[in-house]
Amino acid sequence: MSNTQSGTAAATATTGGTVAGRSASLAGDAWRELRRKPSFIAGLLLLLLVGSMAAFPSLWTSREANEQCNARMAKTGPESLNPFSGSEHPFGFDVSGCDYWAQMVHGARAPIVIGITVTLVALLLSVLLGSLSGYYGGWLDMLISRITDIAFGLPFILGALVVLTAFPEHDIWAIVLVLSAMMWTTMTRLMRGQVIAAKDQDYVHAAKMLGASDLRVIFRHILPNAIAPVFIYATLNIALAISAASVLDFLGVGLDYPSLSWGVQLADAQAEFLEHPYLMVYPAIFLSLTLLSFLMLGDAVRDAFDPKLR
Amino acid sequence: MWRYTVRRILQMIPVLIGTTFIIYAMVFALPGDPIQALAGSKPLPQSVINALHERYNLDDPLVVQYAKYMANAFQGDFGETFYGQSVTSALESRWPVTLKLALVAWVFELVAGVTLGVWAGLRRGKFTDRVILGGTTLIIAVPTFVVAYSAQLLLGVKWDIFPVAGTQEGWVSYILPGIVLGSFSLAFVARLVRTSIAENLRADYMRTARAKGLPKHRVVVRHLLRNSLIPVVTYLGVDLGSLMSGALVVEAVFNMPGIGQGIFQAVQTKQGTLVVGVTTILVLIYLFANLIVDLLYGVLDPRIRYE
Amino acid sequence: MTELTDVSKTGAAGAHHPLLEVEDLHVEFRMQGSTVRAVNGLSYTLEKGQTVAILGESGSGKSVSAQAVMGILDTPPAHVTGGSVRFQGQELLTLPERERRAMCGNRIAMIFQDALSALNPVHSVGIQIAEMFRVHRKASRAEAKAKAIELMDRVRIPSAAARFGDYPHQFSGGMRQRIMIAMALALEPDIIIADEPTTALDVTVQNQIMKLLAKLQEEMEMGLILITHDLGVVADVADKIVVMYAGSVVEQADVEELYARPGHPYTEGLLASVPTLASKGQRLVPITGQPPNLAAIPSGCAFHPRCKRATDRCPVEVPALREPAPGHLSACHYAEEVLGD
């Protein structure tokens, strides 16, 4: 008896080892491929830049958010379009007379935190629901699939609009909650499809025959081979979540004052757009560059992991 | 085929009920008494309040309210706004605006997206491909309302090529907003087509087509495109619905009296029936677009079997 | 290399042009920074009604050479870097794109290995056959359909007319390959190139397909280039065999000669690894080692790491393709010894 068990364990360990080894070498190949891609390097550098603004704004500006503002200076544009002209206020002042550069730096945290948190929550949900649904099938799959359909069928902006109007407090976490509730569906469907495809592979049958538990089969054998496309989609999802959050800000149901974000700054700038376009241009550039960096990373990673199209 | 269609329609029912109930619950959970909000600061006599509560079933439990509402909705009565106007007629003038807008956007994303995608896919790895790929990434990265304002400022105000806002000039006023609305999806369509073309270019049947001595354009059109565009149909079909519900931002920037603006105002004035009514219609459009796409898929790809 | 031409059939050299002459063909794959030489100096001739078999393992360059002759290489990454392909004396490699295309399907046609992926999944098989008449012969829709049904009948597809509108996935593997054959034969080409036409099929079906192909070839007096890794398929139908290894020709001879007296250790190994009636009861001897990686072809004779006869000379010196016996070519330093055994 004990002999059989140890034999099973050894065999499972071997299969597990092979799978891990293969994915490790695939990841290694992908990494070598990535290092040579200029778009990947550029995306990474941009992200580092914006990420450091979000994490350590004091590295970039000595002013705190919404501080040292002077209403008399409101809507005063920059003295020079060259941000390196050495001016004390290279981006001018915002609608309340705060230094626009400082506000810009402090505006980085909310979108980045929202984008990453929403995606992490959605990733967790989709891995959980997608694996359960795909692996067990039957009524559980039916139930999860219908719930996914419902969430997917809700008109995105409309849903968020109603929910956010219902809840008066609009801090970062309210936005995260609403966007997570709307954005887990695509990844769940993706995950489910991947798990269904993976669970019919011979190595999964082999692991099951050797007596591996469902949990072990899912975590050791199915997930490592099924999750790559979901991860790749997740990088795109970060960009989409940040973008969606900015739309909510724009519609006036996003973050409330005194929270700062590029979306809020863009929303504040709309009314002034014709007279003071710089108010919109700066946050638009920051927001777009951030989205761009995630998109470029996502593209590069996808190309590297998809040997079919290499 | 018929069995499949019937089954799909049956599957739609829980989805429709789920989505509308969520919206219904949310809308009627909006803080503040809608009746009081309607009246403003002026106090209403209790009898009027009671009458209104009665009329909108506001005293029933939420589920009952919802059931009563949906029962009416399926007879074509989406309820009345608190102003006594029926939901259908309150938005009557708004539907065509959004529909036209979405249609222009859809045609634009279809034509331009497929063209760019095919072009990039055929020249994969070359300069054209990189430019198109970079361009689409940029389009996705810049938020729609920034694109909308920039387009309005440059093409409308500064260069005066398109009307700045409104819908007074007929179809012409829909061109710029439509392009802006469609630009985001255009980027996705172009990328989808590009990948699909690049994959199919390597298919064995493409080699066969060349071995048959077919002229180049025939190889591309009859064999490559026909196969490559199948996955795009799904995206395009479902997107028509998304464009309608996503038109909100563009309608706001270009000041177009469409559904999006109507909903926005309805949410803010807490006109629950209006919001739920519109949501129901939008979800129905989305569901039927989905069904049509799935059925079309089987026509385009003979390998698909409906079980 | 003119001595390659089979003198008995050519008669007096001069005015006569063989149906197809391939001379010193070179094909390279160029990928980011690296170049792989897939075909390295292939020569053979094909006469009317004759069957030449090109034999080799996967990666030997046999399929690539066929696509080069056909002019359907994926360029890039594949490039024809040298040599000559002459159809009835006319050079094909320098022919303008349009004229080359007009030859395809019309004078030279091709049959592919995996009919399921080689046929377009979204068009009915009938339409795909009829397309040949529509494009090359400008036939009307009805005419093309009638001819396509006639062809489907000829390759023995049961109730051809009823199956005109069926899609590739609705046919069995053997029936699909018949469709491929019908498509290739549609315009009665002078040459058929069959690239592993039976590899994807069951053994019993393989036989039927090969017989059908041979019969139709005889009826239409076509030249057939049969590309295969299967010696069993070759023996029955081929007149002449070209053996390729790692992109180069290692041996070439008439079929009986080659079977009776292989002139290269590789061919010898191949023959020893195939069961025959004569070898019944004897142990089959597989060739040891792996087929060569084209990106890292061994030095000297490419076969030397797997060769039982290899000496110190083999890794150093590239053996030339010589004629150790009349009409029998071999690229082995010790061809005479091999022939003698």
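The axes of helix H5 (residues 138-153) of chain A and helix H1 (residues 2-28) of chain B come within 9 Å and cross at roughly 55°. Here helices (H or I, at least four residues) are DSSP runs, numbered from the N terminus. Axes are lines fitted to C-alpha atoms, for helices over the stretch in contact, and angles run from 0 to 180 degrees between N-to-C directions. The angle makes H5(A) oblique to H1(B), because angles under 35 degrees count as roughly parallel, over 145 as roughly antiparallel, 65 to 115 as roughly perpendicular and the rest as oblique. The crossing of H5(A) and H1(B) is right-handed; a crossing has this hand if the near helix is turned clockwise from the far one by less than a right angle, and is left-handed if anticlockwise.

This is a predicted model, in which local features need pLDDT of at least 70 and side-chain atom pairs count only at pLDDT 80 or more, while totals for chains, interfaces and linings use all residues. Residues are numbered from 1 along each chain as its sequence is written, chains are lettered from A and ligands numbered from 1 in the order in which they are written, and side-chain values use heavy atoms, with hydrogens and water left out.

Where H5(A) meets H1(B), contact means heavy atoms within 4.5 Å. H5(A) brings A:Arg146, A:Asp149, A:Ile150 and A:Gly153, and the residues of H1(B) that they meet include B:Gln11, B:Pro14 and B:Ile22. By class, this contact has four nonpolar, four polar and two charged residues. Ala, Val, Leu, Ile, Met, Phe, Trp, Tyr, Cys and Pro count as nonpolar, Asp, Glu, Lys and Arg as charged, and the others, Gly among them, as polar.

The contact between the two chains takes 37 residues from chain A and 44 residues from chain B. Together these chains bury about 3,800 Å², 79% of it on carbon and sulfur atoms. Buried area is the accessible area (1.4 Å probe) that two parts lose on being put together, summed over both. One salt bridge is found across this interface, the term standing for a side-chain nitrogen of Lys or Arg within 4 Å of a carboxyl oxygen of Asp or Glu. A:Asp299 and B:Arg191 form a salt bridge, their closest N and O atoms being 2.7 Å apart.

Chain B also meets chain C, with 22 residues of chain B in contact with 28 residues of chain C. The area buried between them is about 2,300 Å², and carbon and sulfur atoms give 54% of it. On the chain C side, C:Arg101, C:Val122 and C:Glu131 lose the most area to chain B, together 26% of what that side buries. Two salt bridges cross the interface of chain C and chain B. C:Glu131 also pairs with B:Arg218 in a salt bridge (2.8 Å, N to O).

Both of these residues belong to a helix pair, in which B:Arg218, B:Arg222 and B:His223 in H11(B) meet C:Ile127, C:Glu131 and C:Val135 in H5(C). The axes of H11 (residues 216-228) of chain B and H5 (residues 125-136) of chain C come within 14 Å and cross at roughly 160°. That makes H11(B) roughly antiparallel to H5(C).

Within chain A, A:Arg192 forms a salt bridge with A:Asp141, with 2.7 Å between the closest N and O atoms. This pair links distant parts of the chain, A:Arg192 in helix H8 (residues 185-199) and A:Asp141 in H5(A), 51 residues apart.

Key:
Helix = DSSP H or I, 4+ residues; strand = E, 2+ residues; numbered from the N terminus.
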